[in-house]
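Q: Please take a close look at one part of this model, the place where two of its chains meet. A connected account would be welcome.

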Amino acid sequence: MSNSETINPNTTMNNESKTSSTTKVEELQNLKGRKTVLMQGNEAVAYGALDAGCNFFAGYPITPSTEIAEILAAELPKRGGVFIQMEDELGSICAVIGASLAGAKALTATSGPGFSLMQEGIGFARSAETPCVVVDVQRVGPSTGMPTSCAQGDIQQSRWGTHGDSPAIVLYPDSVKESYELTIRAINLSEKYRTCVILLLDEVLGHMREAVRLPDLSNVRVISRVKPTVPPHWYKHYENNEKYPIPLASFGEGYRFHVTGLTHDSLGFPTNKPNEAAEMMARLKKKITYNIRDLVQIESFQMDDAKIAVFAAGITARSAKAAVVMARKEGIPAGLLRPLTIWPFPDDAVRKMLRDVDIVIVPELNQGQLIREIERLVKDRSDSKLIKIQRVDSKLIPPQDILQKIKEVI
Amino acid sequence: MPAIPQKIIHEYLRHDKKFPHVWCAGCSNGIVLGSIIRAIAGMNLDRNDIVMVSGIGCSSRMPVYVDFNTLHTLHGRAIAFATGVKLHKPHLKVIVVTGDGDCAAIGGNHLIHAARRNIDLTVIMLNNNIYGMTGGQVSPTTPHEAYATTAPYGNIEPDFDVCKLAMGAGATYVARTTAFHTQETQNMVKEAIEHPGFALIEVICACPVIYGRLNKKGGAPEMMKEMRDNSIPLAAVDKLPPEKVQGKIIRGVLHKDIRPEYCAQYAELMKKAQAQGGSK
Amino acid sequence: MKYPYEIRLSGSGGQGLILAGIILARAAVLENHHVTQTQSYGPESRGGYSYADVIISNEDIYFPEAVSFDCLLALNQESCDKYLFDLRENGILIVDTTFVKNIALVVENTYEVPFTEIAIEKLGSPIPTNIMALAFLVQVTGIVKLASLQQAIEESVKPAFIDLNLRAMKLGIDLAKNYEK
C-alpha cells in the first residue's frame, strides 16, 4: 500500500466527540474514583468498554474471560445497558450483532473454544459491516487445552478464523492499562469502520493485576457511528464510497433497510452479479488498506540504533522488553518492535526493521504465527536473519531466554 | 370500501427489490407471507417498528421482499439475532421467520432458551418437512419412513413435534396451522404479535418440487388438499373418535398463558440495579 | 528495600493465596509502588495447586511473574518442595508447619510457624490463615507498611469479615514479633 492511497482519517470523520458528562458516566467516575487502583486486565477491559459507551453485552462463561462478563452483568444495568448470558457463544455473537443493528455499542468476550464458535458470526459482522467487538482472552489450545494457562495461539485465527476472504482489525495490548485503552479503541474503530474488531488478550494479562490510573473521562475520546441524514428512499447503507465511514441507520429509525450475510448490492439486497460482488469485496478491503495509518499502532523501544530487534506482541513483549533493557545494560544494541495492532499487520514498520537491523528475534507462545508474517516480508529468503523462540508448554518465555538468544547471535 | 387484499400485499412489498422471488411455483411460502402481511396490515402497526429476522433456508428468504426493517442472518441463529434486537429496543415488534431445519435442528438451542426466557418474539416456523434450499435432505420434522435425498431408504428417525418442544421449554403462546388455512394463519399471527411473550406458530407448508416429488405427494394442489383433509381443529379433537384423530395435524392455539416477559423483567432488574447505586 | 522485590505465595486451592496476593499488591499500590500480581492455579476451587506472585518495584515492571523469589510463603508440602529451589540467596522462606513437614534445603532465613493450627485455635477457623501468614510476611520483610496492609484488607474483604481478618492480621504480626528461631 502506498502512502498516496492513504487518506487522513481525521478528514473523513465528523462524528468524533468527547463523552458528554451524563449521569451514567459520572457514576463510573465516582465508582472508580479515577485514582490509582489495583486492576485486573479483564476488569480493565470491562471498564474500558463502559467508558467507550458499550451498552450491550451478550456472552457465555468461559475461563479465562469470565470476569469481563461478571463485571458487566453488575455494571451495565446500572447504566441502562443490557447484559444477557446466552445459551452458547454462537448465540452470543449473534445477539451482539442484532443489538448493534438496533443501535447498540455491543461487545462480547470469550476464549479459544468460544472464539472458534463465534467465527461464523464474526464473518457475518464483517460482511454486513456491522460494528461490534469480540474480546478473546487466549488460553492454551488446541481444543479445550489448558483453560487457566497462557498461549498466543489465536493470532492467525483472529485474522483467518472465519471462512471467506475478509480483512480484519485485531488489537493486542501488553498491560492492564493498555487493555483499557485498546478496548476503547476497539469499540471506536468498530464504530468508525463498521466492522467486527477483535481484541486479543493473553490469559496472564486477563488475570494479572497492576496499578492503573484510568484517565479522566473528559480525556477519553469516544467515536460513534455516523447516522444517515438523507431521506430513507435515498439511503444506501452499502454505498461504495471512498470516504469512510458510510452512515449506518439503526432499526426502528425509519430507514427500513435490509441486512444479509449473502453477497449484497449497495442496498443490502442479495446479488449474484460479479460486478456487484467485486464492488462489495473491494469495499471491505479498501476500508482497511486505505486507512492503514489510522489503524496500525506500534511501539518502538530502543530501536533507533538497534542492531538486534526483538519483535513481540502481548505478554511476550514484556519479556522482550525486559531482555532488551538487560542487553542494553551490557552494551548490546538491542531494541523492541511491538505491534499494538496485529491485523492489519504493520508491514511497513516491519520492512523498515528488516532493513535497519542485522538480526530479528521473534519470541511467541505458539509454533510460529507472528514470525510467519515477517517471513512473508523477507525479500531474500536465503539470507534469513530471523531467529525464533517458541514456547507452547503454557509457561511464559522468561526474559533471560531472550537475552541469552540475543547474546548468542550478536 | 375495504382494501383489495392484493393491493395490501403490494403496499407491504419492497419496490426497490429485484423480483421475482426465489420460491418455486406451488411453494407455500408466498401464501404464508400473504397471511403475515394481512395480519400486520390489520393491526395498524408502524412498519418502522417491525423487524423481520430470519435464518437460512427457503422460508428465511422472506424478509428481503417486505418493507420492514429486515435481517437475514446465519443458519439457525435468527432467534439469537432477534434477541439482541429486541433487548436493545424492546418497543420494536420482532418477528422471526424460520424453517423446520433452521429452527428445530441447527437453531434448536436458541429456540428452547428464547422460549424459556419468554422474550417477546413472534416465531413463525414454516414446516415443509425437508431442507428445500439445499435440495431435499432429511430434516427433524421429516416424518418417519418418508424419503429425502439423505434418507434414500426412508427416514429411520422419529419426527420432532416442535410445538410440544416449545411448550416444554416455556413458550407462552404456541399454535399450529397449515398454509391452506390462510385466514387461520392470519389470525394466529395477529394474536402472536399481540401476545406479550414468546410465541411460536408452526405453519405446515407444502414443498411440492422437492418433498412432494421425493415422496410422491403429487403437485401443489394435491398437497394443499392433503392439508385440508388431513388436519383437524383442536376444538374438534374431543368430539371425534380416536381413530379419526390418529395421524392428523391438530390445528389451533395449543397453549397460551401469561408469565413475566424477559424484557419487562430486565427493565425491573435495571431499576433494582440503579436503586442500589454505585456498589455491587 | 531492594527492588524489584519478588514474592510467591503458594499452597493449594482454597487457602486464599490469590486473595492474599491481591491484598499485598493493593497495599503496595497505596504506597505508590509499581506492582504486578499474577497467579497460577488448577481447575480446582478447593485442593490442587495455587500460587500468587507479587512483584513490587520503584520502576516499571516488565516481566510480571516472579522468577527468583525474595520471599516464598509455602502453605503446603508440595509447593514448598516445588518452589524452594527458586528462592534467591538470602531469600526468606516462610512455611506453615501444619502441612510442611520437610524442608529440602537449608535456608538461612526460614520461619516455621503452624499457621493453620494457630488460626483454628485462636480464631476458630482455618479460613483466615492466609491473612495471618501474609501479616507475618509483611512484618518479617517490611515490604509494605502495616497501615497499608490494614487498609488493603479492609478494601478487599467483605464487610462482614473485616473484623475477623484484622484479628488474623494482628495475630500474624505478633507471631512475627515474638518469633524465636
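A: Contact here means heavy atoms within 4.5 Å. On that basis, 22 residues from chain A and 18 residues from chain C take part in the contact. This is a predicted model, in which local features need pLDDT of at least 70, side-chain atom pairs count only at pLDDT 80 or more, and totals for chains, interfaces and linings use all residues. Residues are numbered from 1 along each chain as its sequence is written, and side-chain values use heavy atoms, with hydrogens and water left out.

Between them, chain A and chain C bury about 1700 Å², and 59% of it is on carbon and sulfur atoms. Buried area is the accessible area (1.4 Å probe) that two parts lose on being put together, summed over both.

On the side of chain A that touches chain C, the elements giving two or more residues are strand 2 (37-40), helix 9 (203-207), strand 9 (209-212) and helix 12 (315-329) of chain A. Helices (H or I, at least four residues) and strands (E, at least two) are DSSP runs, numbered from the N terminus. Helix 12 of chain A supplies the largest share of that side, six residues.

Strand 9 of chain A also runs antiparallel to strand 2 (residues 34-41) of chain C, and two bridges join them. Two strands pair if DSSP finds at least two bridges between them. A:Arg209 has C:Gln37 as its bridge partner in strand 2 of chain C.

Conventions
Chains are lettered from A and ligands numbered from 1 in the order in which they are written.
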